[in-house]
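Please walk through the model below, starting with the contact between its chains and ending with a sheet.

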Amino acid sequence: MSSVQTFDYAPGALPAAQGSTSEGPTSELPDDPLHGELLRLSMGPQHPATHGVLRVVVELDGETIQSCEPMVGFLHRGKEKSCESLGWAKFFPHTDRLDYVQPLMNNVGYALALETLAGIAVPERGQVVRVLLMEVSRIAAHLIYLGTTAIDLGAVSMFFATFKERENIYSILDAYTGHRMNNTYVRIGGVYCDVDENVERALSEWLGRFPACIDEYEKFLTGNRIWYDRNRGVGVITREQALAWSLSGPNLRGSGMDWDLRKRSPYSGYESYEFEIPVGTVGDAYDRYLVRIEEMRQSVKIAQQALARLAATRGAEVLAEDRRYVLPPKAKVHSSMEELIFQFKVVTDLCLPRGEAYHAIESSKGELGFYVASDGTSKPLRCHIRAPGLQNVQAIPLVAQGRLFSDMVAIIGSLDFVMGEVDR
Amino acid sequence: MPELPLWLVWVIKAAVIYGALLSVAGLMSLAERKVSAWMQYRIGPNRVGPFGLLQPLADGVKFMFKEELVPAGANPFLFRIAPALAALPAMLAVAVIPFAGEIELFGQRTTLSVTDLPISSLYVLAVGGLGIYGIILGGWSSNSKYSLLGSLRASAQMVSYELSLILSILAVVALSGSLDLRVIADAQQADAALWNIARAPLAFLLFVVCMFAETNRHPFDFAESEPELVGGFHTEYSAMRFALFFLGEYCAMTVMSCLATVLFLAGGAIPFWPDAPWWAELASFLVKMSAFLFLYLWVRWTLPRFRFDQLMRLGWKVLLPLALFNLFATAALMAAGVL
């Protein structure tokens, strides 16, 4: 996007330029001896509405936010450094713990970066399985967004309604990948293994049922006057601001930018699926809510197409046949000397060719990119994670300025980030 | 049955009614969890006693034995007395609620209420309005920013909604021509067409909305507002003092439900049964009251929460004009002889 450079929003200059957009009361009493004295409130890192360990230092004039500063790093675990010391393949379980509400998506993003560097082609069925799991993960992640945002705005039962369906997803993923969360199902060159038809049937049945659940959520919230009032006009990010602050994903699309990496630079065969990209008009919390609701519907569509392709390609390989990077089948390891050596080399000394690569996927939060650099040895030179959540957190002061304190929870909820990914 | 002096009968009556109020408040804490569980695909408490019925007792024991913390920098006297100030007014207000008509108790003819005042509706409002002091003082004395914000919200909210509440009651008072709750209930009789809910539906609607705001209940629970204020005025409270705030809240809900029953649903009157015995009236009263209590829970677990300025706008720009209009309309209709 070359247009990014044309806007000169220096991060420091923005609060003043943004001014007071609040409909609420602002103190206009110059005679008041206490006028101008602000209440400094440290929101978090232990706070029910900051979705993990975000700390936001807010300065309040009455109920109006005069300034706010998000502070990250409370969940910093040195993930990027872990990759450098662990080696390429052993970092997969760590990607699960980045944005821990969509582990499979992180797995795929990392695998795609490695495959780009090594030039490995994933077999078609492996790609279809990845797409299927990514879309199901997207639904699970959006369900978390919906439930937690609703609970922050007081609709507590909504949280249970969404978590009930998320639980169903996790049961299916348990049967599919062997784990509810932290699946580590994706490997370099494909996915760990194929699954039987029963799991696919369960998934297909759930996908058939889920759109009715979305309708139910919408009945709860979309037309609800209180929900509308709490979200409409709150946290407005214009298209230009969203680009200048390098927002991506639903936050960018909510601001009216038709940008989705699944369409713009397709990977894993997304170009061959039929789906639409929902785009907002105003860029407020309500638009972002509507965008995510529609994305869930589109994800169902994509997942159903993927399931149909799985039925068509039954029996095909899901993992590339490349002994440099991919473990040989266990049965062959027991009978063949060469395969045993390959297995030993892949486990202990997996080397990627010298060079660097960047691959980004459209995660539920936005552009999730992995930059990997290799010097040709088994130790990674550098692994950088471009986590969309960090940009989302940065946008909080942009929109919280001049709003009421209660809007803070709506803004934090609608920007949707997971601190595991922000702090890494 | 032995004959007892009148004062002793009154003491017995008061003890029974207050015991019942506290039991209802305790059961409400269970009902809150049960109803929310039913609405959220859960089971709710079911370990203590049949259907978890003894859960409130277990909670009470737990709260008694918890350590009580007074935060550093708090005003210890106000901090300790605030929960009592919050709980007491709601309990006092129940004294004038007429649960049923005359009964014969230990040889004395008496009414089934702690006392009968000719200005009982004023008394309920006056005493009920004091409940906010507990919340304001509790939040202020905690020396916590969240608590302070919560108590400030509570005081502003109280001012804006008490007015509409009083105006909606005033319409009812005008209809029955008395401030006495017993007279108001009796004036509606056993004919459902004469109930105030039918004669003054707008006043009923206003009363129900204000009743939620008055008791600081969802969707108007800004003083508490756990997502942003982490619990608001009671953030720093622990043990039994924390429980006292909730006891006060549930007692206030019960009293407001009783009040709604008396003002708009003719108290214990049963349609098509004009001379029902006192126990039938009492049962009918309790059923109507429970319906309002259920409404509290139903709304609590369904709707999102308002924002503070939206609540103020609703209170001053919608409810207050409507309440004034309702009062004048009622007066005009009465003057015209329609009501």
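How much area is buried between chain B and chain A, and what share do carbon and sulfur atoms give? The area is about 2700 Å², and carbon and sulfur atoms give 60% of it; buried area is the accessible area (1.4 Å probe) that two parts lose on being put together, summed over both. Tyr41(B), Pro304(B) and Arg307(B) supply 24% of what chain B buries against chain A, more than any other three residues.

This is a predicted model, in which local features need pLDDT of at least 70 and side-chain atom pairs pLDDT 80 or more, while totals for chains, interfaces and linings use all residues. Residues are numbered from 1 along each chain as its sequence is written, chains are lettered from A and ligands numbered from 1 in the order in which they are written, and side-chain values use heavy atoms, without hydrogens and water.

In contact (heavy atoms within 4.5 Å) are 27 residues of chain B and 40 residues of chain A. Two salt bridges are counted between chain B and chain A, a salt bridge being a side-chain nitrogen of Lys or Arg within 4 Å of a carboxyl oxygen of Asp or Glu. Glu63(A) and Arg153(B) meet in a salt bridge through their side chains, at 2.6 Å from N to O. On the side of chain B that touches chain A, helix 6 (145-176), helix 10 (226-229) and helix 13 (308-335) of chain B each supply at least two residues. Helices (H or I, at least four residues) and strands (E, at least two) are DSSP runs, numbered from the N terminus.

Chain A also holds an open sheet of three strands in the order 6-7-8, with antiparallel pairing; strands pair if DSSP finds at least two bridges between them. Strand 6 (355-362) and strand 8 (380-386) of chain A each have a single partner strand, so one side of each is left without a neighbour in the sheet. Six bridges join strand 7 (residues 367-374) of chain A to strand 8 of chain A, where Gly369(A) stands opposite Arg386(A).
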